[in-house]
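The structure is shown first.

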Number of protein chains: 2
Amino acid sequence: MKNSPLYKGSLSTIVLKLLEENSRMYGYEITQKVKELTAGELNITEGALYPSLHKLEADGLLQAEMVHIGNRMRKYYRLTETGKKETADRLYELKAFIEQMQLILNTNLTNPQGI
Amino acid sequence: MKNSPLYKGSLSTIVLKLLEENSRMYGYEITQKVKELTAGELNITEGALYPSLHKLEADGLLQAEMVHIGNRMRKYYRLTETGKKETADRLYELKAFIEQMQLILNTNLTNPQGI
DNA sequence: ATCTTTTGCATAAGACTCTTATGTATCCAA
DNA sequence: TTGGATACATAAGAGTCTTATGCAAAAGAT
């Protein structure tokens, strides 16, 4: 479903969350993992992901490691200590945000227990 | 609280949802309503809201009505028929988005029933 | 063998949405 | 009479994404 505009702003948090779970991942792997987790509903584009990874690295939240696989290279990322703390903060914020959205969505009673 | 970057993209959907509930509202009222619903956690800025309202109107989803209150004016908005349909679509998308976020957030078992 | 798809990285132009700053003006309470 | 709340609006800039493009190796298909 074509990545609704709601997706905006959540990409880097998703990346951090996945790296919290998996310890190290490379870019392409992240796009596939998100596709898998959301049953194809959310597709992270490379044009969004790579700049985002670079920024997270520049901000000191991720550290990169190049690994050669045969003749190709992969760039693995993992969380730094700072990144681990930031991830916790962002996940807390994301959960708060979802709660706020639900407060707004559930002002009527058509869906009492939320989605 | 400081409107996290996650907020991006959801403003117009929030506006549409509120107008679905209230039949007609004016800009300032919308900012106050959101503040109230989220216990002050989400603050819509006027610099974001008014251009958004103008766009929704230009897109034919809202129709405006000027009302004089004493010496002041209020610009009330309400959903058009097209706007009602679009609202249903966007709310469906927002719920789907939240579900997708929860799929990603709940890949571990520290919080089995979600937020 | 050759062609296409998948894997895997990257950047750039442009669109879109928001923040921050600014402007105007009325109403109400201290 | 002064400040805060109400009420509209626009503009510059920042941030994040889409879309397009480029390069190249590996794998699968014909």
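## The sheet of chain B

Strands are DSSP runs of E with at least two residues, numbered from the N terminus. Two strands pair if DSSP finds at least two bridges between them. The model described here is predicted.

In chain B, 3 strands form an open sheet with antiparallel pairing, in the order 1-3-2. Strand 1 (25–26) and strand 2 (62–69) of chain B are the edge strands, and each pairs on one side only. Between strand 1 and strand 3 (residues 72–79) of chain B there are 2 bridges in the antiparallel sense. Within chain B, Met25(B) stands opposite Tyr77(B), a residue of strand 3. Helix 3 (residues 46–58) of chain B packs on this sheet and touches strand 2 and strand 3 of chain B. The direction of helix 3 makes about 50° with that of strand 3 of chain B.

## The surface near DNA strand C

DNA strand C is surrounded by 23 residues, the closest being Tyr26(A), Tyr28(A), Tyr50(A), Arg72(A) and Arg72(B). By class, this surface has 7 nonpolar, 9 polar and 7 charged residues. Helix 3 of chain A gives the most to the surface, with 5 residues.

## Contacts with the phosphates

Of the atoms of DNA strand C within 4 Å of the protein, 74% belong to sugar or phosphate, and the rest belong to bases. A side-chain N or O atom of Tyr50(A) is 2.7 Å from a phosphate oxygen of DNA strand C.

How values were computed. Residues numbered from 1 in each chain as written. Chains lettered and ligands numbered in written order. Predicted model: local features only at pLDDT ≥ 70, side-chain atom pairs only at ≥ 80, totals over all residues. Heavy atoms only, no water. Helix = DSSP H or I, 4+ residues; strand = E, 2+ residues; numbered from the N terminus. Contact = heavy atoms within 4.5 Å. Axes fitted to C-alpha atoms, helices over the stretch in contact; angles between N-to-C directions. Near = heavy atom within 4 Å. Polar contact = N/O pair within 3.5 Å; in protein donor to acceptor, adjacent residues only side chain to side chain. Nonpolar A, V, L, I, M, F, W, Y, C, P; charged D, E, K, R; others polar.
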